[in-house]
Amino acid sequence: QVQLVESGGGLVQAGGSLRLSCAASGRTFSTYAMGWFRQAPGKEREFVAAISKSGGSTVYVDSVKGRFTISRDNAKNTVYLQMNSLKPEDTAVYLCAADLFNGGRHYLPRNIDDYDYWGQGTQVTVSS
């Protein structure tokens with residue numbers, strides 16, 4: 001039911017910035033916790049960041065703390081990932097995901113299985 005479409009990926013030099021966007025369908029976006037994951041070739045999908053339904057709480061994987069910022073605009077049904085000081089190791093396909101049932105949890109979702117819908121992903125490539 002929920003469709004997620006990422007955009008904003010591309011090729012950037014180390015130290016540069018990108019802002020990813022994820023547009024969601026539906027009229028209940030404000031009830032979902034949202035997350036960003038990334039997957040590099042040959043590696044498992046990795047949690048990057050999550051944000052609560054209201055945007056009041058966020059959580060990040062240690063490797064991106066201080067560099068990435070997740071935010072959302074519920075009026076636009078969109079979640080963002082601002083990525084600064086990019087490193088080659090950030091190279092991956094970035095996917096957004098929606099946790100429709102976060103109201104039944106007492107934590108921000110960090111696990112793949114917590115999420116119900118996924119976008120197709122957008123490629124981020126950071127050159128050295």
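1. Strands E3 (residues 18–24) and E8 (residues 78–83) form an antiparallel pair over 6 bridges. Pairing requires at least two DSSP bridges between two strands. Strands are DSSP E runs of at least two residues, numbered from the N terminus. Within this pair, Ser-21 faces Tyr-80 of E8.

2. This is a predicted model: local features need pLDDT of at least 70, side-chain atom pairs count only at pLDDT 80 or more, and totals for chains, interfaces and linings use all residues. Residues are numbered from 1 along each chain as its sequence is written, and side-chain values use heavy atoms, without hydrogens and water.

3. E3 and E8 belong to an open sheet of 4 strands, ordered E1-E3-E8-E7, with antiparallel pairing. E1 (4–7) and E7 (68–73) are the edge strands; each has a single partner, so one side of each lacks a neighbour in the sheet.

4. There are 5 aromatic pairs (Phe, Tyr or six-membered Trp ring centres within 6.5 Å; planes under 30 degrees apart are stacked, over 60 edge-to-face, the rest tilted). Phe-37 and Phe-47 are edge-to-face, because their ring centres are 5.6 Å apart and their planes stand at 80 degrees. Phe-37 is in E4 (residues 33–39) and Phe-47 in E5 (residues 46–51), so the pair ties parts 10 residues apart in sequence.

5. Phe-37 is buried, at 1% relative accessibility. Phe-47 is also buried, at 7%. Buried means under 20% relative accessible area (1.4 Å probe, protein chains only), exposed over 50%, partly exposed in between.

6. Ring pairs join Phe-37, Phe-47, Tyr-115 and Trp-118 in a cluster. The charged end of Arg-45 sits over the Trp-118 ring, 4.7 Å from its centre. The criterion is NZ of Lys or CZ of Arg within 6 Å of the ring centre and within 35 degrees of the ring normal. Arg-72 lies over the face of Phe-29, 4.4 Å from the ring centre.
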